[in-house]
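Please keep the sequence and the 3D view at hand while reading.

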Amino acid sequence: VGRVLRALDFCREHFARVIQAGDVAVDATCGNGKDTLFLAECVGPGGKVFAFDIQEAAIRNTHDLIKEKGFLDRVSLHQENHENILHIVDVPVKAAMFNLGYLPGGDHGVITKPDTTIKALEGLFTLLLPGGLVSVIAYTGHPRGEEEKKLVQGFLEEVEQRQFSVLHYRFVNQINHPPQLFLIEKIF
Ligand SMILES: C[S@@+](CC[C@H](N)C(=O)[O-])C[C@H]1O[C@@H](n2cnc3c(N)ncnc32)[C@H](O)[C@@H]1O
């Protein structure tokens with residue numbers, strides 16, 4: 001196996017360095033809850049994770065995982081479209097994750113969509129603390145995923161560079177379309 005980190009591991013390594021005990025984090029697409037669990041560990045007992053998903057099954061799976069690990073007190077679950085994030089989160093955020101696409105093991109017809117993803121990103125950027133991070137992991141192995149990646153990338157390429165640094169992390173020679181990462185840092 002190679003030593004170059006896959007997109008999700010590369011992302012987590014940065015998040016683990018940036019998130020401090022007591023911080024607030026957001027999982028914009030909680031799915032089966034693995035990213036919510038990771039964020040809950042990062043923020044510690046005094047921190048908070050707001051987790052969103054539109055699907056009841058995803059909220060249930062995340063709830064069950066977080067309960068099993070004993071972190072329910074620091075996780076706030078919302079069955080809500082992440083485009084409405086500003087209706088629910090009104091505190092400064094240190095880090096937020098968007099893991100795009102469909103619920104693994106769930107309904108492949110329910111997927112994230114470019115317009116709501118971009119609206120949610122715009123909302124989050126207003127909540128993000130200086131030095132804070134937002135990640136977007138995109139799956140380009142299916143046509144709608146490829147389309148969404150293009151539109152999200154187009155949006156991110158226009159983000160004001162004095163306020164945000166945007167990194168695009170991807171393998172360029174792999175035929176199986178591994179996930180791609182966009183990592184956004186708020187500078188001030
Ligand atoms: C790739 S999965 C997330 C995987 C998850 N982070 C994990 O660790 O298991 C994407 C999720 O986004 C959810 N989703 C799709 N559109 C959404 C929206 N507009 N707002 C919130 N969640 C959405 C889907 O229901 C699905 O569960």
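H177 counts as partly exposed because its relative accessibility is 43%, where buried means under 20% relative accessible area, exposed means over 50% and partly exposed lies in between, with a 1.4 Å probe and protein chains only. H177 sits in the loop that joins β6 (164-169) to β7 (180-186), and its phi is positive, at about 50 degrees, although H177 is not a glycine. Most residues other than glycine have a negative phi.

The model is a predicted one, in which local features need pLDDT of at least 70 and side-chain atom pairs count only at pLDDT 80 or more, whereas totals for chains, interfaces and linings use all residues. Residues are numbered from 1 along each chain as its sequence is written, and side-chain values use heavy atoms, with hydrogens and water left out.

## An exposed loop position

D73 belongs to the loop between α3 and β3, and it counts as exposed because its relative accessibility is 59%. From D73 to L167 there are 94 residues along the sequence, and the distance between their C-alpha atoms is 33 Å.

## Helix α2 and its cover

Helix α2, which spans residues 34-43, is mostly covered, since 8 of its 10 residues are buried. Those buried residues are D35, T36, L37, F38, L39, A40, C42 and V43. Their cover includes the helices α1 (7-18) and α3 (56-69), together with the strands β1 (24-27), β2 (48-53), β3 (75-79) and β4. Just after α2 comes G44, which takes a positive phi of about 70 degrees.

Is K94 buried or exposed? With a relative accessibility of 14%, K94 counts as buried, and its place is in strand β4, residues 93-99. The side chain of K94 makes a polar contact with the side chain of D23 at 2.9 Å; a polar contact is a pair of N or O atoms within 3.5 Å, where within protein one must be able to donate a hydrogen and the other to accept it, and residues adjacent in sequence count only if both atoms are side-chain atoms. Leaving aside neighbours within four places in sequence, K94 is in contact (heavy atoms within 4.5 Å) with residues including V18, I19, Q20, V24, L128 and L133.

P130 lies in strand β5, residues 128-138. Not counting residues up to four places away in sequence, P130 touches K186, I187 and F188, while its C-alpha atom is 8.9 Å from that of Q163, a residue 33 places away along the chain.

## The chain as a whole

The protein chain contains 6 helices and 7 strands, where helices (H or I, at least four residues) and strands (E, at least two) are DSSP runs numbered from the N terminus. In sequence order the pattern is α-β-α-β-α-β-α-β-α-β-α-β-β. Of the 188 residues in the protein chain, 49% are buried, and among contacts between residues at least 6 apart in sequence, 73% join residues at least 24 apart.

The C-alpha atoms fill a box of roughly 45 × 40 × 35 Å along the principal axes.
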